[in-house]
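Please have a look at the sequence and the model below. A few residues will then be picked out, one after another.

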Amino acid sequence: MVFFVLSSCSFHETVKEIPFPFIQSSLYDFSDITKVELSDTAATVSFSSHFIPNYEIEGTDWKIRIGEKEYIAKGNIGLNPDGKIVFDDSGSAEFSVIFESIPKRARNFDILSGVECFDFFGVDLTQTAREAQDGRINYQEDLPGPLVFDESSGESTLNVHLLNYKTGMKSDIDYAIIGIVGSFSGEMQVDAKGDATVSFPLKGSAIYQVCFSMTQTGVDGIVNPGETIDVMIDLNCFGHNIMKGRENYEASVIRYIATSDRHQSILETVNPQFSIPDVFCLPDDAEIAEISKAQSYLGKASNGEMTEEDFNVIDSFKWKFLTESIHSIQNEVMEKLASSSYSPVQEWQGPEEWIKQIIEPYNGKVIMIDLWNTWCSPCRSALTINEPLKDDVLSSNDIVWIYIADESSPIIEYQEYIKTIRGLHYRLSKEQMKDLKSYLNVDGIPFYILVERDGTFNGRPDLRNHSKYVQELLDRSENNIK
């Protein structure tokens with residue numbers, strides 16, 4: 001007789017843990033990866049975030065990417081039932097996302113969440129941040145010489161090079177040129193190599209600003225007419241900005257500037273071997289102080305607010321082209337103010353009374369009030385989309401359009417822009433706008449106030465949804481739509 005002895009076997013899954021892994025890059029710095037757990041059946045990534053109390057963010061499409069291969073999420077711990085990340089009363093959120101298992105040979109991966117603020121690149125599976133070696137760069141010994149401010153005119157070029165750029169990162173860079181004779185801003189498109197460029201006419205020296213991430217430090221400097229500037233940003237710095245909040249992790253982000261025939265190269269990198277004073281030392285020349293001081297007077301001149309005392313200060317400038325430019329801007333503004341096409345608010349009795357005052361002549365009509373400013377990109381985008389509808393589905397004598405901006409919109413740019421927007425325009429002081437925002441609990445702009453036919457009104461931030469914006473107006477005025 002043969003006896004078969006069956007013994008029970010228990011399966012013990014091996015789990016590899018990497019606490020606080022090294023992170024190469026992330027565009028936002030309010031979240032960290034506290035742990036990665038790798039097993040035969042899953043890869044679990046734990047996050048710790050600190051943001052706005054009670055705020056919600058939806059991670060729509062979590063995946064791990066290794067080379068060209070993607071591993072999708074199959075579960076989570078700590079997210080609400082519909083997958084949203086909910087920050088508590090203190091602004092904290094702790095959660096984990098469970099992905100498909102990844103190859104054991106993998107040395108690093110990227111995390112893509114469907115929203116930029118939880119995308120991480122170069123998450124190291126071989127070492128923790130404490131064990132990782134900080135970046136090193138080759139640098140030139142010579143430091144920048146004195147800056148020369150140029151009064152001429154010419155075409156200037158700004159080139160930005162994003163070192164360690166990866167597919168899946170955002171594809172645009174915000175930039176601003178702050179000149180004495182005019183300022184402007186925009187977006188530069190990033191190619192697959194991480195390079196972007198923009199050219200612009202320039203009169204006199206200007207300050208340039210470049211920002212790739214909303215929560216990470218930008219780069220700024222001086223550009224002269226006809227000059228080409230190359231800005232190199234090492235995106236590895238962004239990972240260090242996250243990790244420097246960890247215990248026992250020390251690294252400092254520095255900027256390195258090298259000059260050659262006034263051709264600047266600026267490199268942000270992590271290099272604790274050098275302190276900032278050793279490497280970053282723009283000369284504290286009077287020219288720099290003067291152009292910085294001129295910026296504050298430029299703002300006042302752009303709104304026609306220069307006083308006699310202000311003119312006495314700028315008249316003492318060494319660089320007379322700065323003085324002449326500010327005088328020219330003030331004169332131009334005063335001339336255009338004489339033929340203004342908006343209504344300044346002279347008598348302010350508080351936000352509630354003022355709104356009642358401006359809507360009273362239109363009792364019985366539907367009124368849409370739009371809070372906006374020229375510098376607000378989402379505002380301008382919404383205006384561009386909505387304006388043609390006044391000749392289409394929203395063409396009606398039954399709808400009144402009211403637009404409210406404030407003094408943060410430069411007066412000349414504002415006056416030119418509102419020529420393209422049909423409706424009633426008001427420009428408040430900054431204090432008046434502050435009162436209005438407080439009264440209506442305005443959480444940002446654009447912000448909409450919908451006035452019913454009986455004169456009652458409510459703030460409607462939900463109308464930032466364009467489809468809802470249109471439908472709400474159609475529902476209230478459909479009998480009068482042409």
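Asn441 sits in the loop between H9 and S25. Helices (H or I, at least four residues) and strands (E, at least two) are DSSP runs, numbered from the N terminus. The model is a predicted one, where local features need pLDDT of at least 70, side-chain atom pairs count only at pLDDT 80 or more, and totals for chains, interfaces and linings use all residues. Residues are numbered from 1 along each chain as its sequence is written, and side-chain values use heavy atoms, with hydrogens and water left out.

Asn441 is not a glycine, yet its phi is positive, about 55°. Phe20, in the loop between strand S1 (16-19) and strand S2 (21-25), also is a residue other than glycine with a positive phi, near 45°.

Pro446 belongs to the loop between helix H9 (430-440) and strand S25 (447-451). The peptide bond that joins Ile445 and Pro446 is cis, with omega about 5°.

How buried or exposed are some of these residues? Buried means under 20% relative accessible area, exposed over 50%, and partly exposed in between (1.4 Å probe, protein chains only).

| Residue | Relative accessible area | Class |
|---|---|---|
| Asn441 | 64% | exposed |
| Phe20 | 38% | partly exposed |
| Tyr297 | 13% | buried |

Now to Tyr297, which is part of helix H3 (residues 286-302). Setting aside neighbours within four places in sequence, Tyr297 is in contact with Met306, Asp310, Val313, Ile314, Phe317 and Ile326; contact means heavy atoms within 4.5 Å. Between the C-alpha atoms of Tyr297 and Ile314 the separation is 8.1 Å, and these residues are 17 residues apart along the chain.
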